[in-house]
Amino acid sequence: MNIAIVGLQWGDEGKGKVVDYLAQGFDINCRFQGGPNAGHTVWRGEEKFVFHQIPSGVLNKNIIGIIGAGCVFDPAIFFEEIENLKRYKEDITERIKISKFCHLIMPYHILLDKIKEETTQGIGTTKKGIGVAYEDKYARIGIRIGDLFYPEIFEKKLRANVSRKNVILMDIYRAEPISDDEVFERFIEYGEKLKPYVIDESNFLNQAIRDNKKIIFEGAQGVLLDVDFGTYPYVTSSHTITGGAYIGLGIPPASIGRVIGVAKAYTTRVGNGPFPTEDKGEIGEQLRKAGNEYGSTTGRPRRCGPFDASIVRYAARLTGTKELFLTKLDVLQGFEKIKVAVGYTNAKEFDPFIAEELIPVYEEIPGFEEDISQMRNFDELPGEVKEYIKIIEHYTGLKVNYISVGSQPEAVIRR
Ligand code: IMP
């Protein structure tokens with residue numbers, strides 16, 4: 001059965017590790033939205049791999065990784081990732097495929113993302129050009145990977161875009177203009193290098209589905225960052241819910257049989273925007289330290305706080321999640337007390353329109369001292385941890401089927 005993995009918080013739930021773990025024995029692993037704003041981390045012994053655009057299951061044997069049309073794509077970052085992966089898996093270049101429909105992140109997107117963030121009151125983006133690339137896509141002026149194979153068409157589109165962007169750069173932001181000649185040369189070269197990777201992924205995947213291949217769909221960011229259902233406007237620019245996989249890959253709804261939601265055993269958020277359970281004091285600081293909560297794409301310190309059952313329940317509804325992969329539970333070791341937000345004093349449910357005002361109601365249970373990182377059976381877990389999971393299951397309405405207790409691939413308790 002094909003599986004979709006989605007983040008149920010504000011991203012950084014540990015989807016990289018989860019996908020790597022669940023992708024064992026699968027044939028295909030697809031990314032369907034986002035771009036190099038993602039940073040999915042996978043460990044192999046002492047070696048750390050951070051996947052930005054390439055699906056994070058590709059360290060598994062023979063699996064094919066696909067970057068779908070719903071993503072935005074930065075060739076420079078892609079080739080860096082490929083070089084890095086080649087050291088580990090020599091056949092990697094034959095196993096990666098990219099949609100010809102995928103929109104390119106152009107240098108002016110990155111420049112404008114940075115300038116906007118720095119000159120106006122930004123939302124705290126990753127400055128990878130994501131939002132500006134999606135803006136052009138929906139304004140129907142974007143440039144797609146497939147355009148690179150038709151130099152005349154590409155040149156026309158590029159020159160029109162650069163002259164528009166130069167007006168914005170110079171007249172609005174008083175910045176230097178950019179040269180289209182340099183960008184043209186560079187991207188024609190990228191086109192040549194990308195040719196062997198490029199496919200029509202809808203065609204490829206629909207055939208794979210007919211052949212009963214096993215596919216794992218990998219969401220990036222999290223539901224609370226979804227452009228429609230997240231904490232708008234403090235969101236990313238793509239559809240992070242399960243539905244994003246259908247439109248981001250051109251596949252029929254029946255192609256996903258199981259949705260596994262990923263949530264961290266506490267909550268984090270990077271960038272600006274509402275975060276009801278944020279703890280700006282000692283607990284937040286302790287979580288950041290213990291969980292090493294610094295962005296894997298930008299290095300920014302993450303805002304931290306207790307688990308919020310209401311946002312996870314909200315995200316589960318939007319994604320069709322019934323089962324939870326709970327991550328980083330080991331991080332809670334040594335906390336005197338563990339708090340869980342089980343609702344709000346001023347609202348029945350999580351509501352993104354009033355997210356700034358929500359006041360959490362907490363349940364508190366005693367913490368645990370034991371090192372749980374080596375445990376692999378649910379029964380071994382201390383009573384306090386079992387109680388914690390029971391509370392999470394009760395208030396989210398989800399079954400915790402997997403628990404991650406460390407960064408290594410084998411550090412998982414499966415129920
Ligand atoms: P953008 O996606 O770079 O436009 O950033 C929009 C918002 O989404 C910012 O608050 C980012 O910090 C956040 N964001 C984007 N990608 C990720 C991610 O992979 N993990 C966590 N937050 C992210």
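These are my notebook entries on a predicted model.

**Ground rules**

I number residues from 1 along each chain as its sequence is written, and my side-chain values use heavy atoms, leaving out hydrogens and water.

**Overall build**

I counted elements first. The protein has 11 helices and 19 strands. I took both from DSSP runs, helices being H or I of at least four residues and strands E of at least two, numbered from the N terminus.

I then checked the radius of gyration. It comes to 21 Å, close to the 22 Å of the globule rule for 415 residues, so the protein is as compact as a globular protein of that length. I used C-alpha atoms for the radius, and the rule is 2.2 Å times the number of residues to the power 0.38. Along the principal axes, the C-alpha atoms fill a box of roughly 65 × 50 × 40 Å.

I looked up burial next. Of the 415 residues, 57% are buried. Buried is under 20% relative accessible area, exposed is over 50%, and partly exposed lies in between, with a 1.4 Å probe and protein chains only.

Among contacts with a separation of 6 or more, 75% join residues 24 or more positions apart.

I find 53 positive and 59 negative side chains, with the centres of the two sets 3 Å apart. Lys and Arg count as positive, Asp and Glu as negative; His and the chain ends are not counted. I placed each charge at NZ of Lys, CZ of Arg, CG of Asp or CD of Glu.

**The 10-strand sheet**

I traced an open sheet of 10 strands with mixed pairing, in the order E9-E7-E5-E2-E10-E1-E11-E15-E18-E19. I call two strands paired if DSSP finds at least two bridges between them. Strand E9 (198-199) and strand E19 (412-414) are the edges, each pairing on one side only.

I followed some pairs through E5. Strand E2 (residues 28-31) runs parallel to E5 over 4 bridges. Arginine 31 stands opposite isoleucine 67 of E5. Strand E5 (residues 64-67) in turn runs parallel to strand E7 (residues 96-99), with 3 bridges. There glycine 65 partners isoleucine 96, and isoleucine 66 partners lysine 97.

**Strand E15**

How many residues of strand E15 are buried? I found 5 of the 5 in residues 323-327, so the strand is largely enclosed by the rest of the structure. In a regular strand, side chains alternate between the two sheet faces. In E15 both faces are covered: Glu323, Phe325 and Thr327 are buried on one side, Leu324 and Leu326 on the other.

I checked the neighbours. Strand E11 (residues 258-264) joins E15 in parallel by 5 bridges, with isoleucine 260 partnered by glutamate 323. Strand E18 (residues 399-404) is joined to E15 in parallel by 4 bridges, and phenylalanine 325 has tyrosine 402 as its partner.

**Isoleucine 403**

I stayed in strand E18, where isoleucine 403 sits. At 0% relative accessibility it counts as buried. Beyond four places in sequence, isoleucine 403 touches Phe325, Leu326, Leu329, Phe378, Leu381, Ile389, Ala411, Val412 and Ile413. Lysine 339 is 64 residues away in sequence and 18 Å away in space, C-alpha to C-alpha.

**The 3-strand sheet**

I found an open sheet of 3 strands, E14-E16-E17, with mixed pairing. Strand E14 (307-308) and strand E17 (360-366) stand at the edges with a single partner each, so one side of each is left without a neighbour in the sheet. Strand E16 (residues 337-344) and E17 are antiparallel over 7 bridges. Valine 340 stands opposite glutamate 363 of E17.

**Glycine 281**

I located glycine 281 in the loop between strand E12 (267-269) and helix H9 (282-290). Its relative accessibility is 37%, which makes glycine 281 partly exposed. Glycine 305 is 24 residues from glycine 281 in sequence and 9.4 Å from it in space, C-alpha to C-alpha.

Conventions
Predicted model: local features only at pLDDT ≥ 70, side-chain atom pairs only at ≥ 80, totals over all residues. Contact = heavy atoms within 4.5 Å.
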